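Dear colleague,

Here is the structure I said I would pass on.

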Amino acid sequence: MSRLEVQRLHKIYGRGDRSVKAVDDVSFSVAAGSTLGLIGESGSGKSTLGRICLGAEAADSGRIVMDGVDFASLDKAGLARWRRRSSIVLQEPELALNPRRTVGQSVSEPLDVHFKDMSKADRRARGEQAFELAHLSPALWNRYPAELSGGQQQRVGIARAMVTEPEFVVLDEPTASLDLSVRSRILDTLCEVQEAMNVSYLLITHDMSTVSALASDVAVLFRGRVVEAGPWRSVRRNPQNRYTRQLLSAVLTVDRST
Ligand SMILES: Nc1ncnc2c1ncn2[C@@H]1O[C@H](COP(=O)(O)OP(=O)(O)OP(=O)(O)O)[C@@H](O)[C@H]1O
Ligand SMILES: [Mg+2]
């Protein structure tokens with residue numbers, strides 16, 4: 001069974017002449033413990049889909065089902081449970097973290113919100129486990145985000161996303177702000193975390209090496225629509241859609257010039 005299944009999602013922003021079809025009849029599924037890469041140019045609707053899957057934003061129509069539970073059937077308590085089971089890692093770790101809280105506090109914060117009944121000692125222990133999972137030294141617990149490197153900050157973002165032991169995580173350009181040398185180590189950590197926790201990822205990225213490192217399957221978005229989908233190995237080798245071919249060749253051109 002799929003961990004997450006979305007069917008025929010639609011989302012329009014604005015009205016009349018100024019309206020934008022951000023998501024146009026999109027369906028996909030993500031299996032337990034696997035990664036679906038959502039690729040497409042800027043403005044193709046990737047982040048909008050991520051927010052809709054997390055329940056942070058409502059679609060105009062369509063269905064979202066996680067482990068057999070239909071999002072539309074949820075009451076307030078059910079919605080809170082959904083939020084507890086999912087989380088997000090954002091592109092700019094520094095912006096995603098509160099500069100006035102120590103990184104230890106930031107990592108524990110989702111527990112303070114979603115697991116209010118958990119004892120303080122247990123929350124601390126879970127926070128420390130998340131630090132370990134993300135390969136963060138315990139010595140950094142009382143530091144502030146500005147005192148950390150970009151790579152360490154993104155590890156804090158990963159620890160914070162994983163501290164509630166979610167089943168589904170959106171990775172929205174998780175390595176785009178990082179140096180190339182740090183990128184592959186962060187991707188390795190994301191792979192390890194997935195294996196350890198059997199978490200499903202929805203990976204949003206422009207970067208094909210990130211797709212190759214993490215995703216088993218991809219959906220290619222163009223102006224809110226899925227124009228091609230399937231196993232990444234076959235899409236990469238033999239893209240069927242003209243836009244996918246453009247996307248892949250643009251990347252190759254950039255790669256050659258750097
Ligand atoms: N809150 C909003 N109000 C109005 N329009 C929006 C809103 N959020 C997104 N859009 C529009 O919806 C479309 C899809 O945006 P989205 O942010 O999902 O794209 P994206 O694929 O994540 O792009 P990027 O790669 O640049 O992050 C864009 O045309 C965008 O301008
Ligand atoms: Mg985006």
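One oxygen atom–side chain pair to look at is at S42, where an N or O atom of the side chain is 2.5 Å from an oxygen atom of ligand 1. The side chain of T48 likewise has an N or O atom 2.5 Å from a ligand 1 oxygen, and for the side chain of H206 the distance is 3.5 Å. On its own ligand 1 has 640 Å² of accessible area (Shrake-Rupley method, 1.4 Å probe), and the protein covers 60% of it.

This is a predicted model, in which local features need pLDDT of at least 70 and side-chain atom pairs pLDDT 80 or more, while totals for chains, interfaces and linings use all residues. Residues are numbered from 1 along each chain as written, chains are lettered from A and ligands numbered from 1 in written order, and side-chain values use heavy atoms, without hydrogens and water.

The shell around ligand 1 (residues with a heavy atom within 4 Å) has 13 residues, of which S42, G43, K46, S47 and T48 come nearest. Helix α1 (46–53) and strand β2 (20–31) each supply at least two of the shell residues, and α1 gives the most, with 4.

Regards

Conventions. A polar contact is a pair of N or O atoms within 3.5 Å; within protein, one must be able to donate a hydrogen and the other to accept it, and residues adjacent in sequence count only if both atoms are side-chain atoms.
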